[in-house]
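Hello,

Here is the structure for your files. My notes on its salt bridges follow below.

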Amino acid sequence: MPSPAIELDAGGRALRVSSADRVIFPSHGATPQISKREIVEYYLSVEDGIMRALRERPVTLERWPKGVRDDMRISTRDGFKGDAFYQKRVPKGAPDYLETAHITFPSGRTADEICPTEIAVVGWAAQMGTITFHPWPVRRADVDHPDELRIDLDPQPGTDFADAVSMAASARELLDELGYVGFPKTSGGRGIHIYVRIEPRWTFTDVRHAAIAFGRELERRRPGDVTTKWWKEERGERIFVDYNQNARDRTIASAYSIRPKPGAPVSAPVEWDELPSVQPSDFTVATMPARFAQRGDLHAAIDDVQHSLQPLLDLYAQDEQGDMPYPPDYPKMPGEPKRVQPSRDTDRREG
């Protein structure tokens, strides 16, 4: 029998949580099983942080309404129908206090996405099975000009979190030279994300080019340890700087978002100096509320300053390598090189 619904206080609103005792995450290691109620309560407990990450931003919801199990998979763009899915449009039955942002996809299609303005929206989404929140790097007032540069350090096979930490140290040095303040967080997996607030006056294309320039500068400084190669067959055992995470409609799990992995890990803001001494598994639904209560939001100062993107755009303009491939579902983009896997490029083989 399903458990009865309960009501929780979400910023002064009564939030109804149905089937509150449903197990969303089975127990794993030192982490006990996590119920739907505990998922909602987790997000309410980190209100200041999750709202700083989501407020006024279009947000794609990653929903796992049946819970997270080893045999469950998420639906994909190529038509695979899984147990979980990404929700880009407002679902039926949304509360009347939910607000939206109108966005345009690379295809030219449009949508009204959820735009959190209060914690009750986050709690409602969690009670609807949302595990992870994927905000766009824009605010509702101007959805075509990002206010955030996102540096995604993604370990490839043969590398791990420790390698990402080492690369983050090099990224920090480069940020300091550029005069940028970066805010790091764990991805909730093996990677590290670094956010830089920028003035919202450049296009998605510009911001993506800035990310390419940043990654290429890391390549020059750490050859053999880091790569911006888009094709997996070319990356090797290196940290991949995923520049395409700055393309339109590409998003990263927000700070404080839960990730659909065993143990219910969360994407955790961290201080630069503590990065070498932590592990992604240190931050979970079970452990983050106490850390947040003690230390607050480590990204609290992220909105204090907005940086100019021009130094990175100057680096990009000076680089003769030019643009790089977009994701496979994108239309052909201006200035983009041939989008074909190198091992299948007959022109390259013939040359």
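**Salt bridges**

D319 counts as buried because its relative accessibility is 15% (buried is under 20% relative accessible area, exposed over 50%, partly exposed in between, with a 1.4 Å probe and protein chains only). R220 counts as partly exposed, at 45%. D319 and R220 form a salt bridge, with their closest N and O atoms 3.4 Å apart (a salt bridge is a side-chain nitrogen of Lys or Arg within 4 Å of a carboxyl oxygen of Asp or Glu). The pair links distant parts of the chain, 99 residues apart: D319 is in the loop between α8 (310-318) and α9 (346-350), R220 in helix α5 (residues 204-221). Helices (H or I, at least four residues) and strands (E, at least two) are DSSP runs, numbered from the N terminus.

A word on the source. This is a predicted model, where local features need pLDDT of at least 70 and side-chain atom pairs count only at pLDDT 80 or more, while totals for chains, interfaces and linings use all residues. Residues are numbered from 1 along each chain as its sequence is written, and side-chain values use heavy atoms, leaving out hydrogens and water.

Searching the whole structure gives 30 salt bridges. One of them joins E148 to R57, with closest N and O atoms 4.0 Å apart. E148 sits in strand β10 (residues 148-155) and R57 in the loop between α2 (47-54) and β5 (59-63), 91 residues apart. Both E148 and R57 are buried. They also belong to a salt-bridge network with R139, D147, R150, R197 and D303.

E274 and R291 pair at 2.8 Å, N to O. Both are buried.

Best wishes
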